[in-house]
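Reader: Hi! Could you walk me through this one before I set anything up?
Author: Happy to, let's look at it together.
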Amino acid sequence: ESSDKILGCRYENIKLKDLSISHLSECKCVLKPIYMRDDREITKYSRELYFLCHLKYMHPCIIEIYGYTDKLIIMEYVANSSLNILLRRTNNKIKFNGTQKTKIALGIAHTINYLNKLGIVHGDLTLNNILIDQNYEPVICDFGNTKYLSEPLNPVGTPGYAPPEIWPCNNFTTNDPRSDVY
């Protein structure tokens with residue numbers, strides 16, 4: 001039984017013991033549907049699972065994965081919403097003060113710096129992929145376009161957020177951590 005919708009996902013209270021997760025008995029979580037209609041979507045889903053599973057518990061501002069199937073990814077529920085929704089909502093009851101803004105900006109910067117030190121580029125850092133929890137800490141999600149710096153450049157990302165140098169017409173050939181900062 002779904003209790004609400006968040007960015008095309010739904011969150012539910014589910015008994016995680018049914019998923020063989022012993023440290024949690026019941027919690028609110030997000031069920032992200034997976035659509036695998038072609039090879040590109042299969043690759044994106046595989047990448048997201050790979051990075052979420054490998055980064056699990058490594059940084060507090062990276063979304064936690066609880067499990068997955070071939071149809072969905074089960075992730076932690078983040079209390080507020082995406083930064084995009086919080087900033088654009090006209091009847092927004094959340095007004096960020098200076099401390100909260102600084103906390104969010106530093107949390108994002110620290111997380112991206114951490115990923116870059118591991119040789120990882122997020123590849124799609126948008127306002128929709130930054131969730132804000134109940135303590136105004138950012139939580140980075142959507143690792144479908146994430147790459148290692150050593151991988152060949154594959155120009156993907158959200159127009160307006162992706163740096164111009166990654167597009168084919170600019171002859172850029174390697175992944176660069178600066179693309180997460182653009």
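Reader: Is C53 buried, exposed or partly exposed?
Author: C53 is partly exposed, with a relative accessible area of 37%; buried means under 20%, exposed over 50% and partly exposed in between, using a 1.4 Å probe and protein chains only. This is a predicted model, where local features need pLDDT of at least 70, side-chain atom pairs count only at pLDDT 80 or more, and totals for chains, interfaces and linings use all residues. Residues are numbered from 1 along each chain as its sequence is written, and side-chain values use heavy atoms, with hydrogens and water left out.
Reader: And what about C29, buried or exposed?
Author: C29 is buried, at 0% relative accessible area.
Reader: Switching topic: which residues of α1 are buried?
Author: They are E41, Y45, E48, L49, F51, L52 and L55. An α-helix has 3.6 residues a turn, so residues three or four places apart point the same way.
Reader: What caps the N-terminal end of α1?
Author: D38 does, with a side-chain oxygen 2.9 Å from the backbone nitrogen of E41.
Reader: Now H122, buried or exposed?
Author: H122 counts as buried because its relative accessibility is 0%.
Reader: What does its side chain reach?
Author: The side chain of H122 reaches the backbone oxygen of C141 at 3.0 Å.

Conventions: Helix = DSSP H or I, 4+ residues; strand = E, 2+ residues; numbered from the N terminus. Polar contact = N/O pair within 3.5 Å; in protein donor to acceptor, adjacent residues only side chain to side chain.
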